[in-house]
Every structure is written in structure tokens, then in C-alpha cells.
Amino acid sequence: MAKKQVTFADIAEYTNFSKTTISRYFNHPDSLTLENQEKISQALDALGYKKNKLAKVLANGKSEFVGIIVPNLYLHYYSEMLTQLLSSYSDYHYKFLVFVSDRGPEEEEQYIDELMAYQIEGLIVLSHTLSSEKLASYQIPVIAIEREAKYICSVTTDNYMGALQATNLLIRDKCDILVHINANVPDFVPAYSRILAFQETCQEHNVPYELNLNITGDSYQDIFAQMHRIFADIDEKYADKKKGIFLSNDTYANMFLNLIFQKYGYFPDTYELVGFDNSPIASEAILPITTVGQQIDLIAKTSMELLVQQMEERKKRKPVPLAEPIHKQITPILIRRKTTS
């Protein structure tokens, strides 16, 4: 025989508190004394109370949902970041609704409208489609990861330091020509600092270098085809030189590595290769790739801490909003593997 669902009335009768007090325990526990919170908590155990999540959502409008928007999942950085964010459920017990947004601002606005209809309590955005000013207009806590974030809180890697580490490594290994391969990143995006640091470091050390910022495309296949052309050009142009290739992410680095193996069948000593992110593909590649580790797990943890802090503040009777967005930067770590000396 099924057990009767324990109601607020049952809990009130057991504790001699009013149903209003019981409701406050669930929705605004900070409004009760610790002694009364403990009495109600003990009553819940004694009565075998099971939370009715749906009823709680209907009662207070707090869904315990967080929205996540990523631009794609074929770049291993995004898939690993998503994995790390989802794993935070055991710590915070927030559930996630995830959209992949790669078709422009109109589509992304539709996705956010859908998320708002589910009464999400916060939003994590990795895509670059909508401005931070637009995202701030939704009036919920928003965390940006590795993107423009003037009007919202953000967590980023110290991209300049990471690129500095990569470039200096290739210089120390006495490469004759250094090449940085990237998309044509706008200067207001954090990842632009990878381009800037590479260029300034090469100029400071008077090292020949080339910037190839021609990567575009909406699929792995598109980008791989472009990478094939870029590799063929570099391989021919600098045939007799030791080439230090710094790529803007590990997915690109793995593509480039595969192209080297397709042509030579091994990794020649005329190449050195450094990626960026330390996503799983860097260690799982046919030859483990030297990379600038973004500490993806720490970025995800910091992002969730910052988001939960804001979401929990909004649940208080007198919430105190942030005076201005908080921006946190995580230190990168150079991880040397088999593609450098």
C-alpha cells in the first residue's frame, strides 16, 4: 500500500508550528531561528517527508534550473567545460538545460526565451553571439566564460600569460620560424590576448613569425579542410626550417598533428607543436600534445561558485545585488608533452 504524502499541514501539526512557518522553512529558512529550523528538520525525518520538487517550483517560482549556452561541441574545450559544469550537481544540486547556439543572435535569443520560460535561476554563456549588455537585460545572474563580459560577471584564463608561455617555449627550443594559427578574433574577446602575446613576444626576441588568422567555419569538417590548406602552405614555404606552430586550441593542434602524420607517417624534428586548453584530446592524441592548460575544472568550479553566490543571494528576503560585475582570471599552466623538445 502506497504511503500517504506528507503535507505542510502534517508537519505543522507535528511541530505545533503554523503552516506559514513551515512554508518559510522551505522558502526563506534564514527567517527562522536555528532552533526552529532544527525542530522542523527533525520532524521531516520523523515523518518520512519526501520533497515535492514540482510543488516547490509552483509555490515559489524557484526552478533550481541553470541554463548553459555553448557555441558548439566539436571543439573539445567546450565539451570538456560542459562536462565539468554538469558534474557540479553533486555540490550544488542545480539542474542544467543546455543549448548549442551556432546560427546567429536570433536563434540564441529564442533559446534564452525558452530557458526563461522554464524559470531558470541563472545562465552560463560560452558563446559570443549576444553582447553582454543584451545578456544583462534578462535580469538574472549571468556568468560569461572566455568571452566579452563588460556588463556581466565572468571567468577567464590569463590568455596573455598562456600565449607568452607557449611562444617562449618555442623560442627556447630554437625554432627558425614561429606560426600562430587562430581565427580572426576581435580585440574585445579575451582570447585575442593569445594573438597579442604571440606577436609581441616574437617581436621582442626578434624571431621570424607568421600570424595565420584565417580559420572560419561552422563544422569540424570545414575547419579541417582549412587546416589542410594551412598545413600544406606552411610545410612547403618553410620546408628546410624548424617550424614552431602555436595553435589557439587543442582541437586545431590535433588536426595539424594528424596532417603531419598523414604526410610523413611520423613526427619530424622540423616541427614543434603547442596547443591551448588542455582538453582531453591533447593527452589522447596519436602523440600527446604540449599545451597551455586552462585549468578547465577550476574555471568551471569558479563559475559555479560565482553563479550560486548570486542565485542564493536573490532568494533572501532582502537581497543585496552586486554593485558591479565580478571578473575572475585563472592562471594557465604550460604542460609539456611529446610535440616539443
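Mentor: Two strands are said to pair if DSSP finds at least two bridges between them. The model under discussion is predicted.

Trainee: In which sense do strands S10 and S12 pair?

Mentor: Strand S10 covers residues 290–293 and is joined to S12 over three bridges. Pairing requires at least two bridges. One of the residue pairs involved is Thr-291 with its bridge partner Ile-335 in S12. The sense of the S10 and S12 pairing is antiparallel.

Trainee: Why is one side of strand S7 and of strand S12 left without a neighbour in the sheet?

Mentor: Six strands form an open sheet in the order S7-S6-S8-S9-S10-S12, with mixed pairing. Strand S7 (209–212) and strand S12 (333–335) therefore each lack a neighbour on one side, because they stand at the edges, each with a single partner strand. As for the angle between neighbouring strands of this sheet, direction ignored, the average is 15°.

Trainee: Is Glu-210 buried or exposed?

Mentor: Glu-210 lies in strand S7. Leaving aside neighbours within four places in sequence, its contacts include Ile-177, His-180, Phe-198, Asp-233 and Lys-237. The cut-off for burial is a relative accessible area under 20%. Glu-210 has 14%, so the residue is buried.

Trainee: Which residue in S5 is the bridge partner of Ile-145?

Mentor: Strand S4 (residues 142–145) pairs with strand S5 (residues 153–157) in the parallel sense, over three bridges. The partner of Ile-145 in S5 is Val-155.

Trainee: Which residues have the most contacts inside the largest nonpolar core?

Mentor: In soluble globular proteins, nonpolar side chains tend to be buried together. The largest nonpolar core of this model has 53 residues. Among the residues that Ile-181 touches, not counting those up to four places away in sequence, are Ile-215, Met-227, Ile-230, Leu-247 and Phe-256. The residues with the most contacts inside this core are Ile-124, Ile-181 and Phe-256.

Technical notes. Residues are numbered from 1 along each chain as its sequence is written. This is a predicted model: local features need pLDDT of at least 70, side-chain atom pairs count only at pLDDT 80 or more; totals for chains, interfaces and linings use all residues. Side-chain values use heavy atoms; hydrogens and water are left out. A nonpolar core is a set of buried Ala, Val, Leu, Ile, Met, Phe, Trp, Tyr and Cys residues joined through side-chain atoms within 4.5 Å. Buried means under 20% relative accessible area, exposed over 50%, partly exposed in between (1.4 Å probe, protein chains only). Contact means heavy atoms within 4.5 Å. Helices (H or I, at least four residues) and strands (E, at least two) are DSSP runs, numbered from the N terminus. Axes are lines fitted to C-alpha atoms, for helices over the stretch in contact, and angles run from 0 to 180 degrees between N-to-C directions.
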